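Please read the following briefing alongside the sequence and the coordinates. It is meant for a reader who wants the computed features grouped by topic.

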Amino acid sequence: MALPKYTEPHYRIWHYTYLTICGFVFFFLIAPLFVIFPLSFNAEEFLVFSDGMKRLDPDAFSLRWYHDMVYGTKNPWGLAAKNSFIIAVFATIGSVILGTVAALGLSSRHMPFKGLIMATLISPMIVPLIISGVAIFFFIAKVGLAATHLGIIIAHIILGTPFVVITVTATLSGFDHSVTRAAASLGSNPVNTFMKITLPLILPGVISGALFAFVTSFDEVVVVLFLAGLDNTTIPIQMWTGLREQLSPTILAVATCLIVLSTLILVTAELLRRRSERIRGINR
Amino acid sequence: MSSETQKILTTDGIPLEVSLKKAEKKNKIKAFLLVAPLLLFIIITYIFPIGEMFTRSIDDRMVTNMLPKTFKAMETWDGKELPPEEVFAAFLSDFRVLAEKKEHGKLGQRLNKEKNGFNTILKKLWRKMKKFEEGNAKEQIMAIHKRFRDVKYWQAIKRTAPPYTMSKYLKGMDMYYNEDGKIVQVSEDRRIHRILWLRTLEVAFFVTVFCFLMGYPIAHLLATLPMKYSNLLMICVLLPFWTSLLVRTASWMILLQQQGIVNDFFVWIGLVADDSRPEMMYNKTGTYVAMTQILLPFMVLPLYSVMKTISPSLMRAGKSLGGTPFIAFWKVYFPLTIPGIGAGCLLVFILAIGYYITPALVGGASGTLISNQIAYHMKATLDWSFASAMGLMLLTGVLVVYWIYNKLVGIDNIKLG
């Protein structure tokens, strides 16, 4: 954003002030995440930068807390990670199937009561989480699934489907329906048409919806706190307990791993978004 | 020409109009069948339970079911003077049934909430009623304790007769039914819920304002910079967006602690003395700072997606027509971004108003919000009907916000990323 030569001085000043403000905001957004990295390699038990760390003394850094995270005695992280992955994977599969099928119906121009049904389907996303938590808890407790994996998976499907519905409907909005008609006229049955024609074309939307659903489930703590028993502890629950009781560097090691995971998800989501935009661009 | 030949027929000999309508209907059913599984799932697992929250929050059938004969007898009692013999007799017989089922203690506790001192006299009644003679229940009960001769206690029973009550909602607003059945406020020093409601609104409002003030400039920068720079900067917005909420809260706990980096920095630039480091966590400051950073991406993304669609030539046109850059911005650019502002503010406000995790961890006592109170009653006191009532009050507030938003901006203008 180079300024033209003829810019008057006070606009020039304003422009640089504006850039500085933006710089501060970006710093405010991203810097907190980077505090965790160095501290998770701290050789000491305190959550402050030791003098050795400030001097970049190699002895002040260690993998001690990562070791503790994996091999620590009575450590809850192994079970929590396993549970989190199982729950998130099944919740994602459920959300994607239900959400994609519903999105196909919703994007049909024949769909009756579109607005009302759409509002109902995405309501778990727009109602504050604590209220959803209470409502879902009542349901899960009534059908006797409290403190089971299945109960938590159902809860996370409820919270995850709105994201799939929204992303897939968005992808379908640029979808050229004449290709499915062409397939049908060539003798393909609807299921075959969907698998061979529609799905590959909307796949970027489906996958980014799946990523949203996965992250929602993987990071969800409000509803799980109501539902989980001792056997269903997840990473967010362990982090929550850890942060409430005592902030130990092991949590920072876990947090670092989670940041790495979210970076991977971010990169995937971005690549998919660009691909989806490219495909939609060609269709237009 | 007859009307028959005018109609276009399909190959089956059916008029085209009819055939088309049939096909249309078939398509409608097809589309609906695709949506049906998810719709049913959401209705059963989510919409109905929210309805159940409502019935649970107003449910007061416990006493109604415990004293069926008493309430039947009380129907004819005007409630001004002591009830007649039939009411006493009915009460005694109901109470005997309860005592057999060992549920009289529950009744005592519930009625004690309605009028202090009930528990004691019911226990006394339970001990003495074994020696009661047949008939004349009124005199025998009144002889047990002077409170049974006080009409206020019988009025209290009558008040519990309706199977539904608004008392949980009143409690959520720091009010209750007094002995005369009128709605009154609790004493000044016990009005905790009102403070929480106001604080929740205040925090949600200011977090929205902060997010807007910080989000608008960077969304504008992202939308106007050339792609290769803006993609890089976009990571600063998207990485926090995809990172676990607990991770971000944890990093704020590290930053804001008394020996933390923010305080270190303040000491280093000489803003505060080393021995008087301010407490920045476990109070409202911590809540504001952490929530603003956590919710900022939800403001930036809708703003960005709207700003991206605004052609830069509009600003140039505004300037070339004689407007200063500020006037061009204010009269041309800003009005075009209003849908984005609306969507971002709505999103942030709704998320902030129901926030639970971050305030619970960095908020301390003065930073807790209404959601924390709901969770507390769900998990600690197990007063689920009160938690439901407060949840629904919050939901009503959220729906009002949506309604206002729809009137001002239109709900269809929401764009997510």
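Residues are numbered from 1 along each chain as its sequence is written, and chains are lettered from A and ligands numbered from 1 in the order in which they are written.

**Confidence**

- The predictor gives the complex an ipTM of 0.86, together with a pTM of 0.84.
- Chain B has an average pLDDT of 84, with 96% of its residues scoring at least 70; pLDDT is the predictor's confidence in each residue, on a scale from 0 to 100.
- Within chain B, confidence is lowest in helix α1 (residues 3-6), where the mean is 55, and highest in helix α11 (residues 192-224), at 92; helices (H or I, at least four residues) and strands (E, at least two) are DSSP runs, numbered from the N terminus.
- Where pLDDT is low, the predicted coordinates should not be read in detail.

**Contact between the chains**

- Chain B contributes 66 residues to the contact and chain A contributes 66 residues, two residues being in contact if their C-beta atoms, placed from the backbone, lie within 7 Å.
- On the side of chain B that touches chain A, the largest share, 19 residues, comes from helix α2 (residues 16-58) of chain B.
- That side of chain B divides into 50 nonpolar, 12 polar and 4 charged residues, where Ala, Val, Leu, Ile, Met, Phe, Trp, Tyr, Cys and Pro count as nonpolar, Asp, Glu, Lys and Arg as charged, and the others, Gly among them, as polar.

**Helix α7 of chain B**

- In helix α7 (residues 118-128) of chain B, the residues B:Phe118, B:Ile121, B:Leu122 and B:Leu125 are buried; a residue is buried if 20 or more other C-beta atoms lie within 10 Å of its own, exposed if 12 or fewer, and partly exposed in between, with C-beta atoms placed from the backbone.

**Form of chain A**

- Chain A has 12 helices and 0 strands, and 44% of its 284 residues count as buried.
- The radius of gyration of chain A is 24 Å, whereas a compact globule of 284 residues would have one near 19 Å; the radius is taken over C-alpha atoms, and the globule rule is 2.2 Å times the number of residues to the power 0.38.
- The C-alpha trace of chain A spans about 75 × 70 × 35 Å along its principal axes.

**Single residues**

- A:Ala147, in the loop between α6 (129-142) and α7 (149-173) of chain A, has a positive phi near 60° although it is not glycine, and it counts as partly exposed, with 15 C-beta neighbours inside 10 Å.
- B:Asp174, in the loop between α10 (167-172) and β1 (175-177) of chain B, is likewise not a glycine and has a positive phi of about 60°.
- B:Val409 lies in the segment after α21 (384-408) of chain B and, leaving out residues up to four places away in sequence, touches B:Ile338, B:Pro339 and B:Gly342.

Note on methods: Predicted model: local features only at pLDDT ≥ 70, side-chain atom pairs only at ≥ 80, totals over all residues.
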